[in-house]
Amino acid sequence: MANARQVIDHFTGLRRWRLIALTVAVPLAFLTDDPFYLVLGWCAVSVFRAVRLPARVPHAHDDAKIYRGAWLLGLGGSVMACGYLLIDRGATPTRLAHAVIVIIVAAAVPLAARNLAAEPTSEGSDDTTRAEPAIRRWSTRNLYLAGTAIVLSGALLTPWQPPQRELSEYSMPRPFPKQTAEFTTVDEYKGPTCPWIDEVDSPCRSWLVNGEPFPQAAPYVIRKGGAPERAPFVRSPDKKAVVYLDRHDRRMVYQDTDGIRHLTGPLADTEVPTPTFAGQSRYVTLTRDGTRITDTRTWTTVSVPGVRKVHDLNKSGIVVTTASEVLVLDHRGRTRMDLPLRKIEDDAPEDTYHLRQDGRRFVAIRGREMSVETFAPETGRRLSKVTPTFPGDDFLEIGLGWSKEGPFLVRGYQSERVYYLELATGKLWRRGR
């Protein structure tokens with residue numbers, strides 16, 4: 001074919017200029033992490049190769065109208081997108097560069113289309129004359145498609161950014177507030193509910209008193225060889241005081257409306273004791289490899305080694321258990337009475353112990369036999385042993401100590417009814433009768 005060389009030369013030149021454009025565009029795209037320059041390098045030759053001045057009088061080809069319509073739609077969408085991004089998100093260097101290129105292409109495409117649509121003027125063989133319009137029509141279609149790709153990618157493509165790692169809910173510890181919460185009465189309190197983590201400012205990781213964070217109380221302690229567990233926090237029976245482990249200096253603290261009193265010095269987590277209130281909220285016991293008893297009226301303390309649990313405490317004495325004995329002590333820690341500690345089976349109720357306010361009677365509730373034994377602390381002699389018979393199928397649940405009226409009080413397991421008990425005979429009668 002006589003026009004084969006003309007067609008080959010056209011596409012050879014197109015590939016050569018496209019390769020030159022990509023040689024510039026690829027490094028630029030990698031340096032800026034902007035894929036728009038790859039589109040520009042591939043399509044720019046189809047747009048700018050036919051641009052020259054002055055443009056000849058155009059003769060529009062019918063088959064180019066569809067591509068021209070697509071170009072106009074793409075250009076309109078690109079202009080709106082570019083304008084929105086510049087107004088809404090600001091004029092960054094990248095957006096300004098894209099906008100400038102879109103404006104240049106928007107001006108170049110109509111000019112190139114006018115030149116490509118002009119009538120051929122070359123003189124030569126019939127084959128050559130027929131080939132030139134075909135090349136022009138193909139170039140016109142390619143011009144509109146390339147121009148549309150450039151303006152749309154200029155509006156829509158942005159530099160590549162690495163995905164941002166989602167931060168965990170609690171990414172960084174923050175200093176816990178050091179203000180001290182106050183109260184008049186502790187109507188309710190709740191322990192921390194979040195997983196253990198130290199010094200994080202979050203209500204679910206602190207004790208709550210009356211629904212508000214109680215930041216001075218440590219939420220957790222770590223025992224040797226064990227998992228984190230809640231730090232000690234107890235409320236007095238009269239709801240007017242609490243004992244807890246201080247979050248910052250790790251001392252056991254007593255707090256009421258009058259303020260704060262430190263019960264110990266700084267403690268390692270393995271040394272933190274178990275606090276309890278006794279004697280109608282008057283006494284605080286701290287028990288761990290021994291017990292330390294503090295009178296909250298006089299702030300005097302008594303330390304008793306070897307104690308594992310404090311059972312009762314009033315103005316007449318203290319009832320404790322060691323590894324092998326039940327002891328009745330006076331407030332100086334001297335032994336008034338001792339009994340051997342019974343070994344209790346795993347599924348049997350524990351024995352409980354009560355000391356009368358005047359110190360003249362001591363009662364042991366035997367959980368396994370459901371019996372009640374009475375002793376004289378001065379001599380250690382057992383005065384009686386009775387097994388109360390409750391109405392119906394009910395049976396002894398627990399002893400409640402001596403009533404204000406004098407008799408000892410017990411409670412039934414099934415009915416949860418409270419009865420007076422005559423310690424010498426085991427006779428029961430209901431309160432108020």
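Strands here are DSSP runs of E at least two residues long, numbered from the N terminus, and lining residues are those with an atom within 4 Å of a point of the pocket or cavity. The model is predicted.

Q: Which strand gives the most to the lining of the largest pocket?
A: The largest pocket holds about 940 Å³ of space, and 34 residues line it, with G279, Q280, D312, L313 and Q357 closest to its centre. Strand 10 (274–278), strand 14 (309–314), strand 18 (352–355) and strand 22 (396–402) each supply at least two residues of that lining. The most, six residues, comes from strand 14.

Q: How many residues of the lining of the largest pocket are charged?
A: Asp, Glu, Lys and Arg count as charged, whereas Gly counts among the polar residues. On that division the lining of the largest pocket has twelve nonpolar and 13 polar residues, and the charged ones number nine.

Q: What volume of space lies in the largest cavity?
A: A search of the whole structure for cavities of 30 Å³ or more finds one. Eleven residues line the largest cavity, and those nearest its centre are L85, R95, H98, G154 and A155. The space in this largest cavity is about 90 Å³.

Q: Which helix gives the most to the lining of the largest cavity?
A: At least two residues of this lining come from each of helix 3 (65–89), helix 4 (93–117) and helix 5 (126–156). By class, the lining comprises six nonpolar, four polar and one charged residues. The largest contribution, four residues, is that of helix 4.

Q: Why does the pair of Y189 and F233 count as tilted?
A: The structure holds 14 aromatic pairs. In the pair of Y189 and F233 the ring centres are 5.5 Å apart and the planes stand at 35 degrees, so the pair is tilted. The pair links distant parts of the chain, with Y189 in strand 1 (residues 189–190) and F233 in strand 6 (residues 233–235), 44 residues apart.

Q: Is Y189 buried, partly exposed or exposed?
A: Buried means under 20% relative accessible area and exposed means over 50%. F233 has a relative accessible area of 7% and is therefore buried. The relative accessibility of Y189 is 31%, so Y189 is partly exposed.

Q: What is the angle between the planes of F362 and F375?
A: F362 lies in strand 19 (residues 362–366) and F375 in strand 20 (residues 371–376), 13 residues apart, and both F362 and F375 are buried. Their rings form a tilted aromatic pair, 6.1 Å centre to centre, with an angle between the planes of 50 degrees.

Q: The charged end of which residue sits over the ring of W207?
A: W207 belongs to one aromatic cluster together with F183, Y189, F214, F233 and Y244. Elsewhere, the charged end of R430 sits over the ring of Y419, 5.5 Å from its centre. Over the ring of W207, 6.0 Å from its centre, sits the charged end of R230.

Q: What distance separates the C-alpha atoms of V26 and L38?
A: V26 is found in helix 1 (residues 4–32), and V26 is partly exposed because its relative accessible area is 30%. V26 and L38 are twelve residues apart along the chain, and their C-alpha atoms are separated by 6.0 Å.

Terms used:
Residues are numbered from 1 along each chain as its sequence is written. This is a predicted model: local features need pLDDT of at least 70, side-chain atom pairs count only at pLDDT 80 or more; totals for chains, interfaces and linings use all residues. Side-chain values use heavy atoms; hydrogens and water are left out. On a 1 Å grid over the protein atoms alone, a cavity is a set of points where a 1.4 Å probe fits but cannot get out, and a pocket is an open set with protein on both sides within 12 Å along at least five of seven lines; lining residues have an atom within 4 Å of a point. Grid points are joined across faces, edges and corners, and a volume is the space filled by probe spheres set on the points. Rings of Phe, Tyr and Trp (its six-membered ring) pair if their centres lie within 6.5 Å; planes under 30 degrees apart count as stacked, over 60 as edge-to-face and the rest as tilted. Buried means under 20% relative accessible area, exposed over 50%, partly exposed in between (1.4 Å probe, protein chains only). A charge sits over a ring if NZ of Lys or CZ of Arg is within 6 Å of the ring centre and within 35 degrees of the ring normal.
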